[in-house]
Amino acid sequence: MDGIMAQEVKITIHGLQAQGSGEPIQVVSVGQMDVQDGFICITYDEVVSEEENGLVQVVKNTLKVGERQVEVIKKGPAASHLIFIPDQTTFTYYSTPIGEIEVSIHTNRIEKIDLDNGFYLKMDYDLEMNQTFISSCSVQVTVEI
């Protein structure tokens, strides 16, 4: 599958935190999918805020799906590199305008189901920031060609 031409895809992300404040989050975007070094790579832009003057801030996202792990790389005003590996805890730093926050993710489960027109991905994980438990989270990603 390596070396396939990049193709346009629709990506839908549903996120839910089991605890704490928060409504379910949904992002729908159009991006590009190709395969690099054995990873399915999907790149897409996400508008994170719109300022009063009408300017928008955009985060460049890369979702890398491998055989045993998933990575989420964000570049822009909210930069981060999250790595999800089942039954392991990974650490990263989340850059904010007021400094960096240590983030740890303990991935409980990753499930990938191939579909006729793409794939479905579900990740369940526990999130900690600065060594404080924040929430149990579940994210579902649907990629459609």
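Biologist: Which residue in E8 stands opposite threonine 90?
Modeller: Isoleucine 105 is the one across from threonine 90. Keep in mind that this is a predicted model.

Biologist: OK, and how many bridges join E7 to E8?
Modeller: Eight, with E7 (residues 89–96) and E8 (residues 99–115) running antiparallel. The two strands form a hairpin, with two residues between them.

Biologist: What about E8 and E9, parallel or antiparallel?
Modeller: Antiparallel, over twelve bridges, with E9 covering residues 118–129.

Biologist: Which residue in E9 does arginine 109 stand opposite?
Modeller: Aspartate 124.

Biologist: Switching topic: what's the volume of the largest pocket?
Modeller: About 830 Å³. Its lining takes in 32 residues, and those nearest the centre are Ile25, Lys74, Leu82, Tyr125 and Val139.

Biologist: Which strand gives the most to that lining?
Modeller: Strand E1, residues 7–17, which puts in five residues.

Biologist: Where does valine 56 lie?
Modeller: In strand E4, which spans residues 56–65.

Biologist: Why does valine 56 count as partly exposed?
Modeller: Because its relative accessibility is 43%, and partly exposed is the range between under 20% for buried and over 50% for exposed.

Definitions and conventions:
Residues numbered from 1 in each chain as written. Predicted model: local features only at pLDDT ≥ 70, side-chain atom pairs only at ≥ 80, totals over all residues. Heavy atoms only, no water. Helix = DSSP H or I, 4+ residues; strand = E, 2+ residues; numbered from the N terminus. Buried < 20%, exposed > 50% of the residue type's maximum accessible area, 1.4 Å probe, protein only. Pairing = 2+ DSSP bridges. 1 Å grid on protein atoms, 1.4 Å probe; cavity = no way out; pocket = protein on both sides within 12 Å on 5 of 7 lines; lining within 4 Å. Points joined across faces, edges and corners; volume = space filled by probe spheres on them.
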